[in-house]
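Open the model in your viewer and keep the selection tool handy. We will go from stop to stop, with a short note on what to look for at each.

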Amino acid sequence: MNRSVRLVVFGIGATCLALLYGLAVVDLPPFGTDRHPYRDHAVAAAVRHATPNVVSAVTFDQRGLDTLGEEIILLGSVVGAATLLRPGRGEREHRVEDVGRQPDAVVLVSYLMLPLTLLLGVNLVLHGHLTPGGGFQGGVVLSTGLHLLYLSGSYRALARLRPLAWYEWSEGGAAAGLAGIGLAGIATGHGLLANLLPQGRFQDFLSAGTVPVLNVVVGFAVGTAVVVLLAQFLAQALATSPRGSGGG
């Protein structure tokens, strides 16, 4: 595809996007007033489905299609980054050793914070329908916790803790699982990503229907995607060198 064709494709896409965006915002209520119809309906819908965290209710219940689109965008971004960061001509892969000794204080804090960060990430995912947090936030925290091993100077320990093949399959499986839950709503005649499970009681751990399930699935998708993405950048920075240069 040459430059002219790419510009034509971009122009068509940008024009369609601009038209759709204009249609979407033309009837929005004016800013700076006390009229907030979406807020009023969103809070009522969250309470009706026993979801105290209204943000999670909006993300996974009321506007689940948007969330599915965001996950597809994230998946595409990881695939694109992995493709672009492959060793090119003039580069070769070689074995990566540890990044070097870090200050003792950094190593100590990294090891102490690793289990705490992972525990916090799990808590954010599992309680995202009840308290601030959720799959997006928890997934990022979980992936960050794993990379505390890199801050401690042990790249090889990080590589053992995150076998990329497992994370790549988990990322794809989680994205497919999210789509599968959405299609289950259509199959039962309720609509894409409809809240099908029992709602339970307000503020109970087992409540909010499909919202906590989607939180867990998205937590897997986001956490594994960030791990795979960072792995590509680390591999590019640490495991490639110009052809003919030494060491590493």
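Three salt bridges are counted here, a salt bridge being a side-chain nitrogen of Lys or Arg within 4 Å of a carboxyl oxygen of Asp or Glu. This is a predicted model, in which local features need pLDDT of at least 70 and side-chain atom pairs count only at pLDDT 80 or more, while totals for chains, interfaces and linings use all residues. Residues are numbered from 1 along each chain as its sequence is written, and side-chain values use heavy atoms, leaving out hydrogens and water.

Select R39 and D40: their side chains form a salt bridge, 3.0 Å from N to O. R39 is partly exposed at 45% relative accessibility, and D40 is partly exposed at 41% (buried is under 20% relative accessible area, exposed over 50%, partly exposed in between, with a 1.4 Å probe and protein chains only).

Next, pick R63 and D66, whose closest N and O atoms are 2.8 Å apart in a salt bridge. R63 is partly exposed at 42%, as is D66 at 34%.

Then go to R201 and D204, a salt bridge with its closest N and O atoms 3.0 Å apart. Is R201 buried or exposed? R201 is exposed, at 61%, whereas D204 is partly exposed, at 26%.

Finally, select residues 104–126, helix α5 (helices are DSSP runs of H or I, at least four residues, numbered from the N terminus). Look for its buried residues, among them V107, L114 and V125.

Conventions: Helix = DSSP H or I, 4+ residues; strand = E, 2+ residues; numbered from the N terminus. Expected span 1.5 Å × (residues − 1).
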